[in-house]
Amino acid sequence: MDTVQIYTDGACSGNPGPGGWGCVLQYGPHRREMSGAEASTTNNRMELTAVIEALSALNRPCRVTLTTDSRYVCDSVTKGWLYGWVKKDFVRQGKPVPNTDLWKKLLPLLQTHDVTFVWVRGHAGHPENERCDALAVKAREEIVKAK
């Protein structure tokens, strides 16, 4: 199984507001950067979208180390909250779990790939996290300019 390093980040101006996501995929000497934006979204949606887009870009099942500064994404998977939500049909305390549509897109990707999540502090100088942030911010700014 191929081993891939993935780095992700999301950015939002206002919550909700215009947002962007960015990711970097590294496989051996190969590197791919991706980004995108939405006119009205939340930071958590952009963090999740970055992870989904990065994992979706893989052509075959891979062993992935996915580095993110999102506690929301990282803890939801590593602490098992996501799987608890699945068992309860994405209802928590009588209310729908936020971003259910994105969690449902992420689930099959987590079943396809062997993903290990690593959390890093955001804006603390981690080179790839900083790069992903720059990609996300640039994508967000471009969608704001397009309005």
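Two strands count as paired here if DSSP finds at least two bridges between them, and helices (H or I, at least four residues) and strands (E, at least two) are DSSP runs numbered from the N terminus. Keep that in mind as you open this predicted model, in which local features need pLDDT of at least 70, side-chain atom pairs count only at pLDDT 80 or more, and totals for chains, interfaces and linings use all residues. Residues are numbered from 1 along each chain as its sequence is written, and side-chain values use heavy atoms, with hydrogens and water left out.

**The whole chain**

Start with a cartoon view. Along its principal axes the C-alpha trace spans about 40 × 40 × 30 Å.

**The sheet**

Now select the strands. Five of them form an open sheet with mixed pairing, in the order S3-S2-S1-S4-S7. Strand S3 (30–41) and strand S7 (114–119) are the edges, each pairing on one side only. From one strand to the next, the twist averages 20 degrees.

Zoom in on S4 and S7: they run parallel and are joined by six bridges. Here Thr68 stands opposite Trp119 in S7.

**Helices on the sheet**

Next, show H2, which lies across S4 and S7 and runs at about 130 degrees to S7. Contact means heavy atoms within 4.5 Å.

**Ser70**

Select Ser70, in the loop between strand S4 (62–68) and helix H2 (71–78). Is Ser70 buried or exposed? With 5% relative accessibility, Ser70 is buried; buried means under 20% relative accessible area, exposed over 50%, and partly exposed in between (1.4 Å probe, protein chains only). Beyond its neighbours within four places in sequence, Ser70 is in contact with Glu47 and Trp119.

**Trp85**

Move on to Trp85 in helix H3 (residues 81–87). Trp85 has a relative accessible area of 8% and is buried. Which residues does Trp85 contact, leaving aside neighbours within four places in sequence? They are Ser76, Phe90, Val91, Arg92, Val97 and Trp103. For a sense of scale, draw a distance from the C-alpha atom of Trp85 to that of Val137, 52 residues along the chain: the separation is 31 Å.

**Backbone stops**

Most residues other than glycine have a negative phi, and most peptide bonds are trans. With that in mind, select Asn15 and Pro16, which are joined by a cis peptide bond with omega of about 20 degrees. Pro16 sits in the loop between strand S1 (2–12) and strand S2 (17–27).

Then go to Gln93, in the loop between strand S5 (91–92) and strand S6 (95–96). Its phi is positive, near 50 degrees, and Gln93 is exposed at 78% relative accessibility.

Finish at Asn99, in the loop between S6 and helix H4 (100–112). Phi of Asn99 is also positive, near 65 degrees, but Asn99 is buried, with a relative accessible area of 13%.

Terms used:
Axes are lines fitted to C-alpha atoms, for helices over the stretch in contact, and angles run from 0 to 180 degrees between N-to-C directions.
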